[in-house]
Amino acid sequence: MIHRIRRRTLLPLPRAEVFPFFADAENLAPLTPPHLRFRFVTLPPRMEQGALLEYRLRLHGVPFSWRTRIDVWEPESRFVDRQLRGPFGRWVHHHHFRQAPGGTEMLDEVEWALPLQPFGEIVRPLVRAELERIFDHRHAAMRRLLLDEAG
């Protein structure tokens with residue numbers, strides 16, 4: 001079963017200033033909650049369609065690897081990364097950037113599914129709650145980092 005999570009944030013900055021923050025893969029680490037102990041294993045020389053990212057995380061003390069590929073790369077508009085290897089049965093993360101009154105609207109939308117269906121659905125409420133916390137942190141950190149950088 002495929003689930004979705006969405007977060008919108010309005011940043012009082014033009015897309016030309018917001019998108020480069022996301023075009024720098026190293027900014028993924030400060031957007032990730034510290035308790036996940038995020039670290040890169042491999043980092044692409046530049047973000048573009050086909051770029052591969054590999055990282056390690058820890059959740060509740062359990063380490064795991066995650067590998068993603070950038071499937072869509074449209075500077076200042078959107079990009080999509082897809083899990084190639086990791087904890088989910090499906091993970092497709094859409095990042096949209098739209099000029100809006102007062103700045104740039106950034107939309108995160110993730111299509112996710114748990115592995116080992118249908119048994120994986122048993123832990124769905126716990127996983128969803130964790131994802132909600134992660135994306136709340138991500139959007140608060142995004143505002144803080146981008147606005148501190150701009151100000």
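Glu 74 forms a salt bridge with Arg 78, with 3.1 Å between the closest N and O atoms; a salt bridge here is a side-chain nitrogen of Lys or Arg within 4 Å of a carboxyl oxygen of Asp or Glu. The model is predicted: local features need pLDDT of at least 70, side-chain atom pairs count only at pLDDT 80 or more, and totals for chains, interfaces and linings use all residues. Residues are numbered from 1 along each chain as its sequence is written, and side-chain values use heavy atoms, with hydrogens and water left out.

By the salt-bridge rule the count comes to 16.

| Pair | N to O distance |
|---|---|
| Glu 74 and Arg 78 | 3.1 Å |
| Arg 82 and Asp 71 | 2.6 Å |
| Glu 132 and Arg 7 | 2.3 Å |

The Glu 132 and Arg 7 pair links distant parts of the chain, helix 3 and strand 1, 125 residues apart. Helices (H or I, at least four residues) and strands (E, at least two) are DSSP runs, numbered from the N terminus. Arg 7 counts as buried at 16% relative accessibility, while Glu 132 is partly exposed at 22%; buried means under 20% relative accessible area, exposed over 50%, and partly exposed in between (1.4 Å probe, protein chains only). Arg 7 and Glu 132 also belong to a network of salt bridges with Arg 128 and Asp 136.

Glu 105 lies in strand 7 and is buried, with a relative accessible area of 16%. Its side chain makes a polar contact of 3.3 Å with the side chain of Arg 8. A polar contact is a pair of N or O atoms within 3.5 Å; within protein, one must be able to donate a hydrogen and the other to accept it, and residues adjacent in sequence count only if both atoms are side-chain atoms.

The largest nonpolar core has 35 residues, and those with the most contacts inside it are Phe 22, Phe 79, Phe 88, Trp 91, Trp 112 and Leu 146. Such a core is a set of buried Ala, Val, Leu, Ile, Met, Phe, Trp, Tyr and Cys residues joined through side-chain atoms within 4.5 Å. Helix 3 (124–150) is among the elements that each supply at least two residues of this core; its share, seven residues, is the largest. Leaving aside neighbours within four places in sequence, Trp 91 is in contact (heavy atoms within 4.5 Å) with residues including Trp 66, Trp 112, Leu 131 and Phe 135.
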